[in-house]
Amino acid sequence: MAQHNELGQWGEDLAAEHLCTKGYVIVERDWHSGRRDLDIIAIDSDTLVFVEVKTRRNNMFADPAAAVDYRKIQNLRQAANHFIKSRGINNPVRFDIVTVTGTPDGTPDIDHIVDAF
């Protein structure tokens, strides 16, 4: 596995742990709809939450959340719509972003943006 893929997987694992400690129930991880994917799908109370995870070694060049641009948001919405329709879900829906900055050998910084878009 490429080093950036390993970092991304580590970040997604930390994000999932973080969400669980906040009481979220993880429904799916790394769900695919064609070439689109949803990193984490969780339940928060009665709300279905689609969580995009961005992991970076540092934030020297940009805030990791800035990588969730208009095109990425459109892809996430389309994938979420496919998930909702394929499962017949009627719950309220929300999109969150979790950023993880750091490396596995250090202390990461985790930021959870609720209702990001």
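A salt bridge here is a side-chain nitrogen of Lys or Arg sitting within 4 Å of a carboxyl oxygen of Asp or Glu. The structure is a predicted model, so local features need pLDDT of at least 70 and side-chain atom pairs count only at pLDDT 80 or more, while totals for chains, interfaces and linings use all residues. Residues are numbered from 1 along each chain as its sequence is written, and side-chain values use heavy atoms, with hydrogens and water left out.

Searching the whole structure turns up six salt bridges. In one link, Asp-44 pairs with Arg-94, and their closest N and O atoms are 3.2 Å apart. That pair links distant parts of the chain, with Asp-44 in strand E2 (residues 36-44) and Arg-94 in strand E4 (residues 93-101), 50 residues apart. Strands (E, at least two residues) and helices (H or I, at least four) are DSSP runs, numbered from the N terminus. Arg-94 also forms a salt bridge with Asp-96, this time with the closest N and O atoms 2.8 Å apart. Arg-94 has a relative accessible area of 13%, so it counts as buried; buried means under 20%, exposed over 50%, and partly exposed in between (1.4 Å probe, protein chains only). Asp-96 is buried too.

Another salt bridge joins the side chains of Arg-29 and Asp-13, at 2.6 Å from N to O. Arg-29 belongs to strand E1 (residues 25-33) and Asp-13 to helix H1 (residues 3-21), so this pair ties together parts that are 16 residues apart in sequence. Arg-29, at 32% relative accessibility, is partly exposed, and so is Asp-13, at 30%.

Then there are the nonpolar cores, meaning sets of buried Ala, Val, Leu, Ile, Met, Phe, Trp, Tyr and Cys residues joined through side-chain atoms within 4.5 Å. The largest has 16 residues, and Leu-38, Ile-41, Leu-48, Phe-50 and Phe-83 have the most contacts inside it. A separate core of 14 residues includes Leu-7, Ala-15, Val-51 and Val-100.

Leu-76 lies in helix H2 (residues 70-87) and is buried, at 4% relative accessibility. Leaving aside residues up to four places away in sequence, Leu-76 touches Asp-37, Leu-38, Glu-52, Val-68, Phe-95 and Phe-117, where a contact means heavy atoms within 4.5 Å. Leu-76 and Leu-38 are 38 residues apart in sequence, yet their C-alpha atoms are 6.7 Å apart in space.
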